[in-house]
Amino acid sequence: MKALEGPLWRALLVFRIAALGYAAVLMIGNFQHYHWPLGGWLVLSVMAAWTVVSSLAYARPERRDWPLLTADLAVTAGCLLATRWIVQPDGLGVGAPTLPMAWVASPVVAWAISGGRRRGAIAALLMSGADVIVRDGFSQATVNGPVLMLLAGVGIGHIARLAIDAEARLQRATELEAATRERERLARGIHDSVLQVLALLQRRGAELGGEAAELGRLAGEQEATLRALVTSSGPPPAATTRRRTASTAPQPPGRRSFRLPASLSRSPSTTQRARPATLATTAAGLRETSSADLVDLRTLLAGYGAMGVSVAAPATEVLLPAPIAAEVAAAVAAAVDNVSLHAGPDASAWLLVEELDDTVTVTIRDNGPGIPDGRLTEAERAGRLGLAQSIRGRIRDLGGTTTITSTPTTGTEIELQVPR
């Protein structure tokens, strides 16, 4: 918790040096009138030496403890008390400047930074007591210094505590965000494999009956438990969802409509098996490569053309860093799975890849029944991770956006946009 304290200690160093310079200027102008001029220069030499020593000591966090703080207060108080024998006593009683002047506030600030309001107030009261001794009591002309030191100790101590508390909260928030992102990453992987297999076992067991039905029931229980385990505490930021009329959503011109094969309409697990084997293995391998390696996104998505999905992509390469390309391909795979699972066996699907200077956009569209109002929110609350994590979470982590457009008559369109 030292990152935000560092600037405060550097500010103390600047203040100490500036206050020493101010004391030196006053010394040059007034030493002829001192009761003992040579003593004034000796005190100024001690102040200069302690400024160097204390500044070097405070620069090392492990030394900012009671021995240094006590020595700082003692040396400063000694320089202040020496004023009584060097400056004319009559002048001190009516508000004449002491030898250290503002330099006496240095240990007060140091105590406040190291321990907060209470410690700063204690140091201010101790230095104020030394000032009272030098001036032989309080008066309207001499009370300003102690009051200012007390205010400085309390105020700077409060600011120091706020800075440390803010740093602690920031660190906790950063750790929580990192843990949440890792949990979401694991949830996406589990959804793409284990949860879909368990869902398939539950459905097929219910269809077969008998002992298979009991096995399906157990698989369903494990699926529900696992979903509750991997679902984050709060839903991620909702994707942009809008409704449109049939007249605003014509079928993409110039593209043939390909029916999804029956194998794609059975279950997400069946869809996973229907993909070309190299599609999943290639994307998984790319996640482990260097971000400096560029991959043509078209090669990762071209396999869907053999699965009955109409794929349209630029004639030139669509290059992305390998890990980003892998995540985009995984999000597209989850979207195609959703088409096969929810759009029905007679649905057609289209996949469009667009490239701009600073973004790459992949659009997955089907002509199924669309997504009912409130279904996305309901699915997230139920622990369904397809759209929430496998698609939306992946694109969000890449700094991109997910836009879902759906109507009952024209189907669903999922637009994935990622920065290059």
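Start by selecting residues 66-86: this stretch is 100% helix and 0% strand, and its end C-alpha atoms lie 30 Å apart. Helices here are DSSP runs of H or I with at least four residues, strands are E runs of at least two, and both are numbered from the N terminus.

A word on what you are looking at: this is a predicted model, in which local features need pLDDT of at least 70 and side-chain atom pairs count only at pLDDT 80 or more, while totals for chains, interfaces and linings use all residues. Residues are numbered from 1 along each chain as its sequence is written, and side-chain values use heavy atoms, with hydrogens and water left out.

Next, colour the stretches that an unreviewed UniProt entry lists as "transmembrane region": 12-32, 38-59, 66-86, 92-113 and 144-164. UniProt positions are in the numbering used here, feature names are shortened, and annotations may be inferred rather than shown by experiment. Of these, residues 38-59 are 95% helix and 0% strand, with 32 Å between the end C-alpha atoms.

Now select helix H1 (residues 5-30) together with helix H2 (residues 37-58). Their axes are 11 Å apart and meet at an angle of about 170°; axes are lines fitted to C-alpha atoms, for helices over the stretch in contact, and angles run from 0 to 180 degrees between N-to-C directions. H1 and H2 are therefore roughly antiparallel, the word used for angles over 145 degrees. Show side chains to see the contacts (heavy atoms within 4.5 Å): the H1 side includes Trp 9, Leu 13 and Arg 16, and the H2 side includes Trp 41, Trp 50 and Tyr 58.

Move on to Met 101, in the loop between helix H4 (89-93) and H5. Its phi is near 55°, a positive value in a residue other than glycine. Most residues other than glycine have a negative phi. Met 101 counts as partly exposed because its relative accessibility is 23%; buried means under 20% relative accessible area, exposed over 50%, and partly exposed in between, with a 1.4 Å probe and protein chains only.

How many of the 10 residues in helix H5 (residues 106-115) are buried? Nine are, among them Val 108, Trp 111 and Ile 113. Gly 116 follows H5 and has a positive phi, near 90°.

Step into helix H6 (residues 117-135) and pick Ser 128. Ser 128 counts as buried because its relative accessibility is 9%. Beyond its neighbours within four places in sequence, Ser 128 touches Pro 146 and Met 149.

Asp 136 is in the loop between H6 and helix H7 (144-208). Asp 136 has a positive phi, near 60°, and is exposed, with a relative accessible area of 59%.

For the last stop, select strands S6 (residues 359-366), S7 (residues 401-407) and S8 (residues 411-419). S6 and S8 pair in the antiparallel sense over seven bridges; two strands pair if DSSP finds at least two bridges between them. Ile 364 has Ile 414 in S8 as its bridge partner. S7 and S8 also run antiparallel, joined by seven bridges, and Thr 405 is partnered with Glu 413. S7 and S8 form a hairpin with three residues between them.

Finally, zoom out: the chain has 14 helices and eight strands, and 44% of its 420 residues are buried.

Conventions:
Angles under 35 degrees count as roughly parallel, over 145 as roughly antiparallel, 65 to 115 as roughly perpendicular and the rest as oblique.
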